[in-house]
Structures are given as C-alpha cells and as structure tokens.
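Open the model in a viewer and keep the selection panel at hand. The stops below are in the order in which to select them.

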Amino acid sequence: RNGNGELDLALLTDGLRAEREQGITIDVAYRYFQTARRKFIIADTPGHEQYTRNMVTGASTADLAVVLVDARQGVVAQSRRHAVIASLLRIPHLVVCINKMDLVGFDEAAYEAVVEDFGDFAARLDVHDVTFIPVCALHGDNVVNRSTAMPWYEGPSLLHHLEHVHIASDRNLSDVRFPVQWVVRPGPESTEPDYRGYAGQVAGGVLEAGAEVVVAPSQRRTRVRAIETLDGPQERAFPPMSVTVHLDDDLDVSRGDVICGAHDPPTPIRQVEATMCWMADAPLRSGGRYAIKHTTRSARTIVETVEHRLDVDTLAREESAGELRLNDIGRVTLRTSEPLVADTYAANRTTGAFILIDEATNETVGAGMIAGGS
C-alpha cells in the first residue's frame, strides 16, 4: 500500500526507488508464487523503448507473455513493441489483458475494440496462441475469479488460464540436444576409479539409455550406457532435466560439446546469421570483436556485417543501418573462431541463442537469436 494506505500493486514489483518516483518499470523484477496446480515465476519487465534490453533479458526464458493494455487508451506503440519482442523471442503463448475496465464502465465495446485492433496487428507476427482477458487489476475482476461486473465475458480468469495453458509440448522433443557442462570424474576416495560421466541440462529431444548418439562437433558415434539424476538411474531424460550421461565408449568429450541424436545431428557452423538485441552504449559495427557464449561453449567472434535494423513499432527494416545502438534490434552476420553446434532459434530456443561479451570489461553487450549459418 502507498503512503495514503491505498492499494498500489506496482509497489509489489517496482523495487527501485527511481521506479517508484517515476512511476515506470526500469529493471526486471522477479516474483515467485505457486498455486495448487503450478509454480510460477513472474518477470516484470519494462516496456519503455529505453529499456528494451531489460525486456529481452526478462522475456528470453518465458513460456508465456502477458501484455497489459489500458482500456481507455487502446493499443498504443508500447503494446505493439511488447508483442513484437515476444514474437522475436518465440514466446509461444501471449495473453492480452485489457486492464482498467472499471474506468470505461466495464463496456464490452471498449474490450472488443482492443481485441480487433490488437488481433489485426498480431496477425503479422509469428504468434499462434493469443488470448484476450478483460480485467480490473485494482479490484481483482477476472484476475483470480470470474467477475460479476462483466457478464458478457465468457472466458476464463487470468489465473485459471495460467494454470491450465498447455506448455509441455512447447519445447523441441524431436531433436536430441545435450550440451555438456561438466565432465564428472571420481574423487580420491571413490570406489569407482573408472567413473566418467557428462553432466548438463537436456536442451531438446528425449535422451534414452541404449540410444545411438553423435558427439558434436567431432561427429563421433556411440551409445548412451546410462542416465543418472539425484533421484537415481533413469531410462530417459527430457528438457529441462539436469542429468549425468554415461557413454559406451571413452570418447574425447569435454565442456562445450553437444551429445545429439544419431539421426538428427546439426551441422556445426562458423558463419552465423542472427537477430541481435544490442545492450551496450558503444554501438555494434562491422569488424567488432567479442567473446561469444553459446550453450556451454565459449569462443571468439568477429562481426562481418550489420545487415539491417528493425523498427520494432512498424516491423520495417532500415537496410542502411550500418550499426546497432543501445536497445536496437537488427540482423547481423558473425564469424566464430570455433564451430558452434547450433540450431535455429525457431527450432530450439536454447541451442539457437547466444550472448556476446566485451572481453575488456567482461560485460554482456548483446543477445542473439540464430536464423541460419554455414
């Protein structure tokens, strides 16, 4: 509650003093809660153009995006920017909450106007699941329970939708991808002196004991002998399980290698075409050199070209951009010092993403989504 004792929901997530003073969200705030059906992490991200990098950071691992639209103002540029970034980041589910319905008298026409306007814009994006929910957040209408003030709305409340939206099939369960994070060897007092396991998190597909696999980029073939977790041996593992994998053969496997399905191994690439969100004050230009972090592999890269910059509000391409400045999003081509075992971001959000690091300052300066390569 604010100083007057009135309810102010923004104070729940706006933790910075500057956020409270200016009435805007600047940094990403994470809040945790759970219901009887699910556990949730809310990443409250800023929508202002000046903080695009913060929104990209918070939304990069999201399963669902909630876009708030003021019922009085309708769809504004910031609403479209939110939807575009959610689309670029391949967030599979989008919920449009038309808020402050009490200030328009719970008018169905105001709700339908937003649905029509936003629906026309969303049709141009790569978003396939869009849900519209009219709410009054201050009084809780259609947030947890259905509202009696809007009998014309027959859909679920926001919480009911979040509890029941199907996300299990959103991950790529076809192409086996297991980036090796750590090679586990026995300690001095171990009873298994020949123990050798490869620890990491499954990034795609279903990894099964006995299955034939390929270790990339070396392309050596072997089979999975066993899969272990803290709960004991498992017959199979799937995203996002963290496991230790044992192979039949003693191959040269180290951190940064990727264990892939034998029938669908990716071709390692060194020339990378990617959509980049730039996060640094110094602009990204051709010839720039950076460290690149892709899954568990680290390498160096040089920027070959900056092809175009994207106008996030209109989706127009500025072909002669020449550079990407702070908070810009655009298409670039990179060449890496070592091959990356990568998929396109559209196929796998884990193996299709990377970050660029300024080696002088060790700061993360860019986040990329792979569109192709060779």
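Select S147 and D141: their side chains are joined by a polar contact of 2.6 Å. A polar contact here is a pair of N or O atoms within 3.5 Å; within protein, one must be able to donate a hydrogen and the other to accept it, and residues adjacent in sequence count only if both atoms are side-chain atoms. The model is predicted: local features need pLDDT of at least 70 and side-chain atom pairs pLDDT 80 or more, while totals for chains, interfaces and linings use all residues. Numbering runs from 1 along each chain as its sequence is written, and side-chain values use heavy atoms, with hydrogens and water left out.

S147 sits in the loop between strand 5 (130-134) and helix 5 (158-164). Helices (H or I, at least four residues) and strands (E, at least two) are DSSP runs, numbered from the N terminus. With neighbours within four places in sequence set aside, S147 is in contact with D141 and N142, contact meaning heavy atoms within 4.5 Å. S147 counts as buried because its relative accessibility is 9%. The classes are buried under 20% relative accessible area, exposed over 50%, and partly exposed in between (1.4 Å probe, protein chains only).

Now select N142, which belongs to the loop between strand 5 and helix 5. N142 is not a glycine, yet has a positive phi of about 60°. Its relative accessible area is 0%, so N142 is buried.

Move to R90, in the loop between helix 3 and strand 4. R90 also has a positive phi of about 60° and is not a glycine.

Next, select L89. Beyond its neighbours within four places in sequence, L89 is in contact with V56, A59, S60, Y345, R349 and M369.

**The nonpolar cores**

Which residues touch the most other members of the largest nonpolar core? They are L89, I98 and F118, in a core of 47 residues. Two or more residues each come from helix 2 (52-59), strand 3 (64-70), helix 3 (77-88), strand 4 (93-99), helix 4 (108-122), strand 5, helix 5 and strand 24 (363-373). Helix 4 gives the most, with six residues. A nonpolar core is a set of buried Ala, Val, Leu, Ile, Met, Phe, Trp, Tyr and Cys residues joined through side-chain atoms within 4.5 Å.

For the second, separate core, which has 21 residues, select V272, L340, A342 and L356, which are among its members.

**Salt bridges**

A salt bridge is a side-chain nitrogen of Lys or Arg within 4 Å of a carboxyl oxygen of Asp or Glu. By this rule there are 14 salt bridges.

Select D70, R72 and K100, which are linked in a network of salt bridges. In the bridge between R72 and D70, the closest N and O atoms are 2.7 Å apart. R72 is partly exposed, with a relative accessible area of 48%, whereas D70 counts as buried at 15% relative accessibility.

Then select R300 and E359, whose side chains meet in a salt bridge (3.1 Å, N to O). This pair links distant parts of the chain, 59 residues apart: R300 is in strand 19 (residues 297-310), and E359 is in the loop between strand 23 (353-358) and strand 24. R300 counts as exposed at 52% relative accessibility; E359 is partly exposed, with a relative accessible area of 45%.

R335 is in strand 22 (residues 329-340), and the two partners are 31 residues apart. E304 is partly exposed, with a relative accessible area of 30%, and R335 is partly exposed at 35%.

**Two cis peptide bonds**

Select A216 and P217: the peptide bond from A216 to P217 is cis, with omega near 10°. P217 lies in the loop between strand 10 (212-216) and strand 11 (220-229). The peptide bond from P239 to P240 is also cis, with omega near -5°. P240 is in the loop between strand 13 (236-237) and strand 14 (242-247).

**Last stop**

Finish at A168, in the loop between helix 5 and strand 6 (177-179). A168 counts as exposed because its relative accessibility is 54%. Draw a distance from A168 to D63: their C-alpha atoms are separated by 9.9 Å, and the residues are 105 apart along the chain.
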